[in-house]
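Please view the sequence and the structure below before reading on.

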Amino acid sequence: MAKPARKTQSALEYLSIYGVAIFIIVAAAAALYLLGVYSPQNNVIGTCTFSEGFSCSDLRLSSGGVLQLGLVNAGQYPIYVKGIGCNTNRSVINVVKTTGSNNNTVYIPVGSSYALTVQCYKGSNLFSAGVGSPFTGYLIVNYTDQYTETKTTSLGTINTKVVQGSATSTTFTTSTTSTSTSSTSTTSTSTSSSTTSTSTTSTSTTSTSTSTSTTSTVSYVYCVGGYTGSYINSVYYAPVSSTGVGAWTATTNYPTPIYEHWCSSSGGYVYCVGGYTGSAYSSTVYYAPISSTGIGTWTSTTSYPLIDSYGWCSTSGSDIYCVAGYTGSTAYSNVYYAPISSTGVGTWTSTTSYPLSIAYSHCSISGSDIYCVAGWAGGTSYSNVYYAPISATGVGAWTSTTSYPIALYERQCITSGGYIYCIAGSGASKNVYYAPISSSGVGAWSSTTAYPLDVGYHRCALSGSYVYCVGGSALTASVYYAPISSTGVGAWTSTTSYPTSVYGQWCSAS
């Protein structure tokens, strides 16, 4: 009778021992789950929210602050991503230039995702924390619209946590993932086939439905300085749309009277280089924040290495490039570039010289190439056209391509959607020409709708699929705009006049 009792006791002992073991295993698994080590959904965890243009997928943050993500183009146009940064504050100091596979430009079609890896910062220091630690911050994306060439900075918020150990790779790799995106907001209307969102507070989400999104962004044109019979420092801005230019509003004056300088905007700031003050040619560089309320305080930053006027400068991603120019007595071929940020312009570095010592040439950046058209030097007008690749290490070799139909200077050229458009110019009457562009140069030039005025020293700005031109050497306050497309420039329409007759100012849309 004793044997069954011993068996019962042994069974209870086994149950007690294994029960404790099972409890320990379950508790350990729960702890691992809470730390994000064992949970599949927590190995790819977090949200990334933009007001428009982007959404994110597959977020993974390492203990060393390296963030892996899929950046989804939820906008209306294909884009080139020029720079990306991650920080606990809104600083753009740590934005780095993006380079895709084989050192190519990061290109994201509409609805597609690109796998990126970026180092996150906590202020000016690298972010570092243990597994399970939360991270709340901002993702800063500098990009260019393929069709409109509009340079934009988009700011998104990130809420995630560390899910893996150390990782130090900050390479950028391609992904062919394609998704359908829709934009949702606090105010929306929808049907079974589309979603239209209108709100100043919205989020982008990935969807597998057939929904499409429509977002509305107001663009502005900003004009700085110029000559009105005297050299001025006045600055004005106005909203632009497919119906023309709205009311002009005065904003923060430039620090000095300025004429034939060159400015370019990027990441919510405008950077202006050189020019003529009315008494001297200058190498001074200023920058200021820009927004829907105008231009903020101008701040002096790193001077240009040469006295510069009648040259050309433009931004691409987190760099500014300046080509050739005039010292006040002679034209030169020097080319420089420098990093830009919310704290100004960094050190200027010499790069590949332009093939000609020239002034009044006009250049435009499209993707990872720069195209420069015609110009003037020593009393001679030129029709030469050159192009070169650009990158974070400067400007590559210049190559001659299809000459402009007319030898002239002070025309305005813009690039958009795989074409370059050049408008009027000194010695060119009202002629307007356009041509296809690619990484192999400029194709055949074709005549298109003539500009209404015979001018040079005017300034044209691109926004969306429209070009807006202000003032000109006839000392006029006239402003015209026209649609552009692969078939050329459409009909020019008069719109709201500039507050004063002007030429030699700088204008650009953002």
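## Terms and basis

A salt bridge is a side-chain nitrogen of Lys or Arg within 4 Å of a carboxyl oxygen of Asp or Glu. The model is predicted, and local features need pLDDT of at least 70, side-chain atom pairs count only at pLDDT 80 or more, and totals for chains, interfaces and linings use all residues. Residues are numbered from 1 along each chain as its sequence is written, and side-chain values use heavy atoms, with hydrogens and water left out.

## The chain as a whole

The chain contains 2 helices and 44 strands; helices (H or I, at least four residues) and strands (E, at least two) are DSSP runs, numbered from the N terminus. Of the 510 residues, 50% are buried, where buried means under 20% relative accessible area, exposed over 50%, and partly exposed in between (1.4 Å probe, protein chains only).

The accessible surface of the chain is about 20700 Å², and carbon and sulfur atoms account for 52% of that surface. Accessible areas come from the Shrake-Rupley method with a 1.4 Å probe; for residues, only the protein chains shown count as cover. A contact means heavy atoms within 4.5 Å. Of the contacts between residues at least 6 apart in sequence, 56% join residues at least 24 apart.

## A network of charged side chains

Side chains of opposite charge can pair when their charged atoms come close. The whole structure has 2 salt bridges. In one of them, Arg459 meets Glu260 at 3.0 Å, N to O. Arg459 belongs to strand S39 (residues 459-463), whereas Glu260 is in the loop between strand S18 (249-250) and strand S19 (262-266), 199 residues apart. Arg459 counts as buried because its relative accessibility is 1%, and Glu260 is buried with a relative accessible area of 2%.

Arg459 also forms a salt bridge with Glu410, at 3.2 Å, N to O. Glu410 lies in the loop between strand S33 (399-401) and strand S34 (412-416) while Arg459 is in strand S39, so this pair ties together parts that are 49 residues apart in sequence. Glu410 is buried too, at 4% relative accessibility. Through shared partners, Glu260, Glu410 and Arg459 are joined into one network.

## His458 and its surroundings

His458 is in the loop between S38 and S39. Its relative accessibility is 0%, so His458 counts as buried. A polar atom of the His458 side chain lies 2.9 Å from the backbone oxygen of Ile423. Leaving aside neighbours within four places in sequence, the residues in contact with His458 include Glu410, Arg411, Ala424 and Val470.

## Aromatic pairs

A pair of aromatic rings is described by the distance of the centres and the angle of the planes. Rings of Phe, Tyr and Trp (its six-membered ring) pair if their centres lie within 6.5 Å; planes under 30 degrees apart count as stacked, over 60 as edge-to-face and the rest as tilted. The structure has 45 aromatic pairs. For Tyr451 and Trp492, the ring centres are 4.8 Å apart and the planes stand at 85°, so the pair is edge-to-face. Tyr451 is in the loop between strand S38 (446-447) and S39, and Trp492 is in the loop between strand S42 (488-489) and strand S43 (493-494), so the pair ties together parts that are 41 residues apart in sequence. Both Tyr451 and Trp492 are buried.

Ring pairs also link a cluster of residues, among them Tyr227, Tyr259, Trp376, Tyr409 and Tyr503.

Strand S4 (residues 79-87) is largely enclosed by the rest of the structure, because 9 of its 9 residues are buried. Two strands pair if DSSP finds at least two bridges between them. S4 pairs in the antiparallel sense with strand S9 (residues 134-145) over 8 bridges and with strand S6 (residues 106-108) over 3 bridges. Tyr80 has Thr144 as its bridge partner in S9 and stands opposite Tyr107 in S6. Another 2 bridges join S4 to strand S5 (residues 96-97), in the antiparallel sense, with Ile84 opposite Val96. S4 and strand S7 (residues 113-122) run parallel and are joined by 2 bridges; here Asn87 stands opposite Tyr121.

Strand S44 (residues 506-509) is covered on both faces, with Trp506 and Ser508 buried on one side and Cys507 and Ala509 buried on the other. S44 runs antiparallel to strand S15 (residues 219-227), joined to it by 4 bridges. Cys223 stands opposite Cys507 in S44.

Note on methods: Polar contact = N/O pair within 3.5 Å; in protein donor to acceptor, adjacent residues only side chain to side chain.
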